[in-house]
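Look through the sequence and the model, then read the points below.

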Amino acid sequence: MADIPFLDLRAPYKELQAEFDAAYRRVMESGWYILGEEVEAFEAEFAGYCGAKHCIGVGNGLEALHLTLRAAGIGPGDAVIVPANTYIATWLAVSYAGATPVPVEPVEATYNLDPARIEAAITPRTRAIMPVHLYGQPADLDAIAEIARRHGLYVFDDAAQAHGARYKGRRVGGLCDATGWSFYPGKNLGAFGDAGAVTTNDDELAERLRTLRNYGSKIKYYNEIKGFNSRLDSLQAAFLRVKLKRLDAWNERRKAIAHHYLESLRDVPDLILPDVPQWADPCWHLFVVRHPERDALQNYLKGQGIGTLIHYPVPPHLQEAYHELRFTEGTFPITEVIHQEVLSLPVDPSLNGKHIQYVIEQVLKFYGFA
């Protein structure tokens, strides 16, 4: 029996140990561990990578979204349109700002926010739309932006899973009013701890974000507003600088794995594979399949030594955390069936061809093809 983990977080360190160790020593010897030159260097490099004017490093991805809403003046009494089908952090960011998340169903084929359903959810309270590039595949930003323009709304995209993904040939990160990023260790560009950032082309929004993340202060001990403590630390920035240089190469490995899955599993009855629009170039953060017998497939693969995960078992509207919104089962049927059927197969760039072929063989065997 094989031992194929869903994700090996040790692999990047093993691959680039000398560079990570050098980055560690550089920071430790500098005596500067919060913000500072290392963070500024990463911010400049990541902004350039995304094609954005500004990058503001913060504590994590949730705070990137939350502080962006705060910086835009969104708060109590306001509403923000969010995907019904997403990780709960997208909703929590809206709640932390004091606003109300308004869920909208996804396009079932892509799992991303459906532009055709957005307009019906807009009310006089709506201030922003927050699409998520779920699983690493870009949402249809042009269609969403056109709706936002007509209604005078912000578009803040959640790119926690989309490092390096492209929409119509352009990298995600500089295409909306602001973009929130997570550098959680399991992301395509992951730190060795919590970390996040916002990218934007809006000078005023960037300045407010820099102030908000640092206790509401531009000058030490002088506080202009009631801010937060959400600062990217120098050590994580140094590690991210090392990884950023390899991000495209690692994404290419993910893409090769994804294409192998797509080619080899396309004839399995009732197994729904990722559907990629012509204009999308995913970074393949996750490779998600769907099947009514999801749990049986997951248990079988576990027995064969193959790690899988469910992203995600319970949609936000059915979580106890949002009981006050009084959503019930059946409220968002597309979202609910997706969450009942999805299973993420290993797409770790450290896996080799033999590993992926074994996964494919076991999936086919489960369905009686081998």
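Buried means under 20% relative accessible area, exposed over 50% and partly exposed in between, with a 1.4 Å probe and protein chains only. At 3% relative accessibility, Y111 counts as buried. This is a predicted model: local features need pLDDT of at least 70, side-chain atom pairs count only at pLDDT 80 or more, and totals for chains, interfaces and linings use all residues. Residues are numbered from 1 along each chain as its sequence is written, and side-chain values use heavy atoms, with hydrogens and water left out.

**Terms for space and elements**

- On a 1 Å grid over the protein atoms alone, a cavity is a set of points where a 1.4 Å probe fits but cannot get out. A pocket is an open set with protein on both sides within 12 Å along at least five of seven lines. Lining residues have an atom within 4 Å of a point.
- Grid points are joined across faces, edges and corners, and a volume is the space filled by probe spheres set on the points.
- Helices (H or I, at least four residues) and strands (E, at least two) are DSSP runs, numbered from the N terminus.
- Nonpolar covers Ala, Val, Leu, Ile, Met, Phe, Trp, Tyr, Cys and Pro; charged covers Asp, Glu, Lys and Arg; the others, Gly among them, are polar.

- The largest pocket holds about 700 Å³ of space. Its lining has 36 residues, and Y87, S182, Y184, K187 and Y312 are the closest to its centre.
- Helix 4 (61-71), helix 5 (89-96) and strand 8 (178-182) are the elements that give two or more residues to this lining. By class, the lining has 20 nonpolar, 11 polar and 5 charged residues.
- The second largest pocket holds about 270 Å³. Of its 13 lining residues, L35, N214, S217, K220 and R231 lie nearest the centre.
- Strand 10 (residues 217-219) gives the most to that lining, with 3 residues. The classes there are 6 nonpolar, 4 polar and 3 charged.

- The structure holds 1 cavity of 30 Å³ or more. The largest cavity has a volume of about 100 Å³.
- Its lining has 13 residues, with Y111, Y135, Q137, P274 and W284 nearest the centre. They divide into 9 nonpolar, 3 polar and 1 charged.
- Y111 has phi near 70°, positive in a residue other than glycine. Y111 sits in the loop between strand 3 (100-104) and helix 6.
- Y135 has phi near 65°, also positive in a non-glycine residue. Y135 lies in the loop between strand 4 and helix 7, and is buried at 5% relative accessibility.
- The peptide bond from H311 to Y312 is cis, with omega near 15°. Y312 is in the loop between helix 11 (294-303) and helix 12 (333-341).

**Helix 7**

- The buried residues of helix 7 (residues 141-151) are L141, I144, A145, I147 and A148. Seen down the axis, they fall within an arc of 160°, so they line one face of the helix. The arc is that of the directions from the helix axis to the C-beta atoms.
- Just after helix 7, G152 takes a positive phi of about 65°.

**Cysteines**

- A disulfide is a pair of cysteine sulfur atoms within 2.5 Å. The count comes to 0 disulfides.
- C176 is in no disulfide; the nearest cysteine sulfur, that of C50, is 12 Å away. C176 is buried at 13% relative accessible area.
- The sulfur of C283 is 11 Å from the closest cysteine sulfur, in C50, too far for a bond. C283 is buried at 2%.
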